Amino acid sequence: MILSLFRKNTATDAVYGVYRAIVAQSRQPVFYAEWGVPDTVTGRFDMISLHMALLFRRLRGADATKNFSQAVFDLFFKDMDQSLREMGATDLGVPKKIQKMGNLFFGLLAAINEAMDRGDKEALATVFSRNIYEGAGMDHARTLADYFMTQDQALAALPVESITGGTVTFGTAA
C-alpha cells in the first residue's frame, strides 16, 4: 500500500468526504484535554490512525469497497507526506518517515483487529496504553477502548453504500 503513493490520484469527492470526517472526529478536544492523548504531531497521527482503523474494520471483507479503502488510505498518507514537508522534513527524509508511519499504522491496525475480533476490551485498552499512551497507565486507555468499541458498533450499523458515497458519522466522544 505504501508504494501506492506514487499512483495516479484516485481520491473522489466521496473519499475526501470520508477522510475529512475522520480528521474532524480525531480533532475533538476531549481526546487531548480529558482523555490524555498527547496533543502532539504523533498524538494527532495516532487519533487519525485509530479512526482510519475503524473505517477499515467496517469496510474489510467486501470486495466492492477495496478500491475505496485504498483511495482513503492513499489520501491519508498523501496528507501525512504534505504535513511532514510543511513541518520542514527534507525531501530525502520524508519517504523514510512515511514508511515508518505506514508500518506503525499497520501494526496498530493488526493489534486492534486482533483484540476487537475477540471482543476483548481489556486487550484493546492494553494496545492503546502501549501505542497511544506509551504505557502510562490504563485509565485513559480504557476510556478510549470503550469509545472505540462503541464507534465500531455504530459503524457496523452504517450501510456500506453510505460510506462509499462519502458519508461516515461518528458518535460524540464524551
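Trainee: Is the crossing of α1 and α3 left-handed or right-handed?
Mentor: Helices here are DSSP runs (H or I, at least four residues; strands are E, at least two), numbered from the N terminus. The near helix is turned from the far one by less than a right angle, anticlockwise for left-handed and clockwise for right-handed. For α1 and α3, the crossing is right-handed.

Trainee: Before going on, what kind of model is this?
Mentor: Residues are numbered from 1 along each chain as its sequence is written, and side-chain values use heavy atoms, without hydrogens or water. Local features need pLDDT of at least 70, side-chain atom pairs count only at pLDDT 80 or more, and totals for chains, interfaces and linings use all residues, since the model is predicted.

Trainee: At what angle do α1 and α3 pack?
Mentor: Two packed helices are described by the angle between their axes and the distance between the axes. Axes are lines fitted to C-alpha atoms, for helices over the stretch in contact, and angles run from 0 to 180 degrees between N-to-C directions. The axes of α1 (residues 13-26) and α3 (residues 41-59) are 8 Å apart. Their angle is about 130 degrees.

Trainee: Why is that pair called oblique?
Mentor: Under 35 degrees is roughly parallel, over 145 roughly antiparallel, 65 to 115 roughly perpendicular, and the rest oblique. The angle of α1 and α3 is about 130 degrees. The two are therefore oblique.

Trainee: Which residues of α3 make the contact with α1?
Mentor: Contact means heavy atoms within 4.5 Å. On the α1 side are V18, Y19, I22, V23, Q25 and S26. On the α3 side are M47, I48, H51, M52 and L55.

Trainee: How many residues of that contact are charged?
Mentor: Ala, Val, Leu, Ile, Met, Phe, Trp, Tyr, Cys and Pro count as nonpolar, Asp, Glu, Lys and Arg as charged, and the others, Gly among them, as polar. The α1 and α3 contact has eight nonpolar and three polar residues. The number of charged residues is: none.

Trainee: Is I48 buried or exposed?
Mentor: Buried means under 20% relative accessible area, exposed over 50%, partly exposed in between (1.4 Å probe, protein chains only). I48 is found in helix α3. Beyond four places in sequence, I48 is in contact with Y19, I22, V23, S26, F76 and M80. With a relative accessible area of 9%, I48 is buried.

Trainee: What separates the C-alpha atoms of I48 and S26?
Mentor: Along the chain, they are 22 residues apart. S26 is also one of the contacts of I48. Their C-alpha atoms are separated by 5.4 Å.

Trainee: What is the relative accessible area of S49?
Mentor: S49 lies in helix α3. Not counting residues up to four places away in sequence, S49 touches F76, F105 and L108. S49 is buried, and its relative accessible area is 1%.

Trainee: How many of the 19 residues of α3 are buried?
Mentor: α3 is largely enclosed by the rest of the structure. For α3, the count is 15 of the 19.

Trainee: How far apart are the end C-alpha atoms of α3?
Mentor: The expected span is 1.5 Å times one less than the number of residues. With 19 residues, α3 should span 27 Å. The ends agree with this, lying apart by 27 Å.

Trainee: At what angle do the axes of α3 and α7 cross?
Mentor: The crossing is right-handed. Contacts come from M47, L50, H51, A53, L54, L55, R57 and R58 in α3 and L144, Y147, F148, Q151, D152, L155 and A156 in α7. By class, that is 10 nonpolar, two polar and three charged residues. The axes come within 9 Å and cross at roughly 35 degrees.

Trainee: How many charged residues has the contact of α6 with α7?
Mentor: The axes of α6 (residues 121-131) and α7 come within 8 Å and cross at roughly 120 degrees, which makes α6 oblique to α7. K121, E122, L124, A125, F128 and S129 in α6 meet A141, R142, L144, A145, D146, F148 and M149 in α7. Eight of the residues are nonpolar and one is polar. The charged residues number four.
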